Amino acid sequence: MKTYILTLKQKSGLLTELQSDTIYGHFCWRLKEQFGVEKLTEFIALYRKNQPIFILSDGLLLVGNEIHFPRPFVFNKPEIKQTKSEKILEFVKRKSSKERNFINLSELNKFLSSGKVDLEEKSSIDSSVKPQVKKPVKTETLRVSVQIDRNNFGSSEGGLFSYNPKYTREDVSYVIFIKVLDENRFDLFKCENILKELFRLGYGKKKSSGYGQFEVGDIVEFNEFEKLSDPNAFMILGNYLPSEDDKALPIGYDINTKYGKLGEDLSQSENPFKNPIVFLTAGSCFRTTTKKDFYGRVTEPDEISKANSFAVQFGIPFILNLNIAL
């Protein structure tokens, strides 16, 4: 069982978030395109039988040489300070730390072994002046379109909306973490080639118009995560649908309710809309009494779409084991 990292450099605007469940969906369409429905059915059946071939993360920002991991949803109880000056300094420190919604690899590894978020302090020439930092991702307005009413599938009155493609700075890329659980099937299903191809061809909305295209790097092994001998919790780096077998108790989490739409040729079907589904998002942390290589599940028939009962949603994200005080 090995962990790999895939680097993606944007070539065009991005209209759809690089989230793990959506990447799985694009992978399945490309798998069907190359090998047919039977092979796709076999692939999905393995995940439903708790035999996943690989798990993957959301797309994380790589700014320069620093990966921006989601900040864990945990609360660290502040130390009780005695003097007024100590209390003020502690307040300022905590307020400053809240302004950063990511952690770097060093901070992440410390968190995995201790369960505490301890941000590294970066010195500044004048600490009283905030440096002007350019955002790694910017958005631009593309055009206005008409929203479709889910009740009558016609144009929604007053439902105009604009596309806002995202563009990264020149020194910014995306990375996706992949943990291969079954090397033989990973090669058998040509997973590496399909993963690369789906980003070359285009990802997400308007990919047929050239959006969501990437310059795709190699998938290389990554061994820099802290390895723990006896973890009692885990953190997710993608969208998660808990399974009863996970026995997961939340430490801290956030949710994302998706009102999705079926892709490719099914987007033109009589009813292309998916049922709303609630995911637990990257950075969420859970205690568990089970020791597993993966957590989560794939949705059941009819759970996502009554009209297209074969449609599924993947809720098995990349996970990192951690130790946290009980």
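Predicted model: local features only at pLDDT ≥ 70, side-chain atom pairs only at ≥ 80, totals over all residues.

Q: How many bridges join β12 to strand β19, and do they run parallel or antiparallel?

A: Four bridges join β12 (residues 233-236) to β19 (residues 319-322), and the two strands run antiparallel.

Q: Which strand do three bridges join to β12?

A: That is β16, residues 285-288, and this pairing is also antiparallel. Within β16, Cys-285 is the bridge partner of Met-235.

Q: How should I read the side chains along a strand?

A: In a regular strand, side chains alternate between the two faces of the sheet. Now the case here. Ala-233 and Met-235 point one way from β12, while Phe-234 and Ile-236 point the other way. Are they buried or exposed? All four of these residues are buried.

Q: Now the rings. How many aromatic pairs are there?

A: The count is 26 aromatic pairs. Take Tyr-24 and Tyr-47. Their ring centres are 6.0 Å apart and their planes stand at 75°, so the pair is edge-to-face. The cut-off for that label is over 60 degrees.

Q: Which parts does the pair of Tyr-24 and Tyr-47 tie together?

A: Tyr-24 belongs to helix α1 (residues 20-35) and Tyr-47 to helix α2 (residues 37-48), so the pair ties together parts that are 23 residues apart in sequence.

Q: Is Tyr-24 buried or exposed, and what is its relative accessible area?

A: Buried means under 20% relative accessible area. Tyr-24 has 1%, so Tyr-24 is buried. Tyr-47 also counts as buried, at 1% relative accessibility.

Q: What does Tyr-47 form with Phe-54?

A: Tyr-47 and Phe-54 form an edge-to-face aromatic pair, with 6.4 Å centre to centre and 80° between the planes. Phe-54 is at 0% relative accessibility, so Phe-54 counts as buried.

Q: Which residues form one aromatic cluster?

A: The cluster consists of Tyr-24, Phe-27, Phe-43, Tyr-47, Phe-54, Phe-186, Phe-189 and Phe-314.

Q: What lies over the face of Phe-189?

A: Look for a charged side chain above the ring. Lys-39 lies over the face of Phe-189, at 4.9 Å from the ring centre. Elsewhere, Arg-100 lies over the face of Phe-102, at 5.0 Å from the ring centre.

Definitions and conventions
Residues numbered from 1 in each chain as written. Heavy atoms only, no water. Phe/Tyr/Trp six-rings, centres within 6.5 Å; stacked < 30°, edge-to-face > 60°. Buried < 20%, exposed > 50% of the residue type's maximum accessible area, 1.4 Å probe, protein only. Lys NZ or Arg CZ within 6 Å of the ring centre and 35° of its normal. Pairing = 2+ DSSP bridges.
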